[in-house]
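Work through the exercises below with the sequence and the coordinates open side by side. Each task is followed by a solution that goes step by step.

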Amino acid sequence: IQELGTPRAPNVLAPEWWNRADELYVQWVEQQGDSFIKGDYALSKVCPPEDLLLIDNWEITDVKWQDAGTDKEALVTNLLLSHGTTYYFAVKLYKDPNTYGNVGYSVVKVDLSPPLQASKPVPSTVRSGPATSGAYFVTWGQAEDPESGIAYYEVQERVDNNPVWRVVESSTTRVQIAVTGRPQGHFYYYRVRAMNNAGSWS
């Protein structure tokens, strides 16, 4: 039961996966037509109830509300988030200093480990020595991430003795790319790294 004019549960915009142990950034927005004078936020390992009548029981777990004022975002610092743990970021909005509406929340899963490295990329038509064709495929083994999964791969290339690696594919979800337009008589080297869904590179 919610009083007339009390803000409804806000939409909390948190990342599904997070890769930092010491901080967490979250935004929220009130529902259309709602107004509020201030908001509070809290981070918990326990899912908040949708029923306001049960909120007191939830708050006695490990919940410490922080005053956000009229802000609609928070960078929470000095945290010790645990790898593989699910957290709930909750927000409540006030219509007056003593009356708040239903709690909105978002689920945040923590993945602090990088993906397992993809296998070494291999051109399909060139095993060793100078390239004899300007077009070929480069393939590699699939990387793994048991927590958040693999988002995409980045493929880098360098030529001959040039120490500079150049990105030739920045966000492919496949384990093969087509390479074209390479002049003959040069050695081409490739390396691949994987990004997981929490934002960490292999």
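The exercises that follow concern a predicted model, and they go from the whole chain to single residues.

**Exercise 1. Describe the chain as a whole, and state where its coordinates call for caution.**

Step 1. Begin with the secondary structure, which consists of one helix and 15 strands.

Step 2. Turn to burial and surface: of the 202 residues in the chain, 40% are buried, and the accessible surface comes to about 11400 Å², with 49% of that area belonging to carbon and sulfur atoms.

Step 3. Consider the contacts with a separation of 6 or more, of which 69% are between residues 24 or more positions apart.

Step 4. Check the confidence: the mean pLDDT of the chain is 86, and 85% of the residues reach 70 or more. Over residues 126-131, however, the pLDDT is below 50, although this stretch has ten contacts in the model beyond near neighbours in sequence. Where pLDDT is low, the predicted coordinates should not be read in detail.

**Exercise 2. Work out the strand order of the open three-stranded sheet, and follow its pairing down to one pair of residues.**

Step 1. The order of the strands is 1-3-6, and the pairing is antiparallel.

Step 2. Strand 1 (11-13) and strand 6 (73-76) are the edge strands, since each of them pairs on one side only; the twist from one strand to the next averages 20°.

Step 3. Between strand 1 and strand 3 (residues 24-29) there are three bridges in the antiparallel sense, and within this pairing L13 has Q27 of strand 3 as its bridge partner.

**Exercise 3. Determine which residues of strand 14 lie on its covered face and which on its uncovered face.**

Step 1. In a regular strand the side chains alternate between the two faces of the sheet.

Step 2. In strand 14 (residues 176-179), I177 and V179 make up the covered face, whereas Q176 and A178 make up the uncovered one.

Step 3. Strand 14 is joined by four bridges to strand 11 (residues 136-139), the two running antiparallel, and Q176 in strand 14 stands opposite T139.

**Exercise 4. Classify the aromatic pair of Y41 and F89, and then that of Y94 and Y100.**

Step 1. A pair of aromatic rings is described by the distance of the centres and the angle of the planes. The structure holds eight such pairs.

Step 2. For Y41 and F89 the centres are 5.6 Å apart and the planes make an angle of 10°, so the pair is stacked, planes under 30 degrees apart being counted in that way. This pair links distant parts of the chain, with Y41 in strand 4 (residues 38-44) and F89 in strand 7 (residues 86-96), 48 residues apart.

Step 3. Both Y41 and F89 are buried, and together with W28 they form one aromatic cluster.

Step 4. For Y94 and Y100 the values are 5.4 Å centre to centre and 65° between the planes, which makes the pair edge-to-face; Y94 is buried, with a relative accessible area of 8%.

Key: Residues numbered from 1 in each chain as written. Predicted model: local features only at pLDDT ≥ 70, side-chain atom pairs only at ≥ 80, totals over all residues. Heavy atoms only, no water. Pairing = 2+ DSSP bridges. Axes fitted to C-alpha atoms, helices over the stretch in contact; angles between N-to-C directions. Buried < 20%, exposed > 50% of the residue type's maximum accessible area, 1.4 Å probe, protein only. Contact = heavy atoms within 4.5 Å. Areas by Shrake-Rupley, 256 points an atom, 1.4 Å probe, with all protein chains shown as cover. pLDDT = per-residue confidence, 0-100. Phe/Tyr/Trp six-rings, centres within 6.5 Å; stacked < 30°, edge-to-face > 60°.
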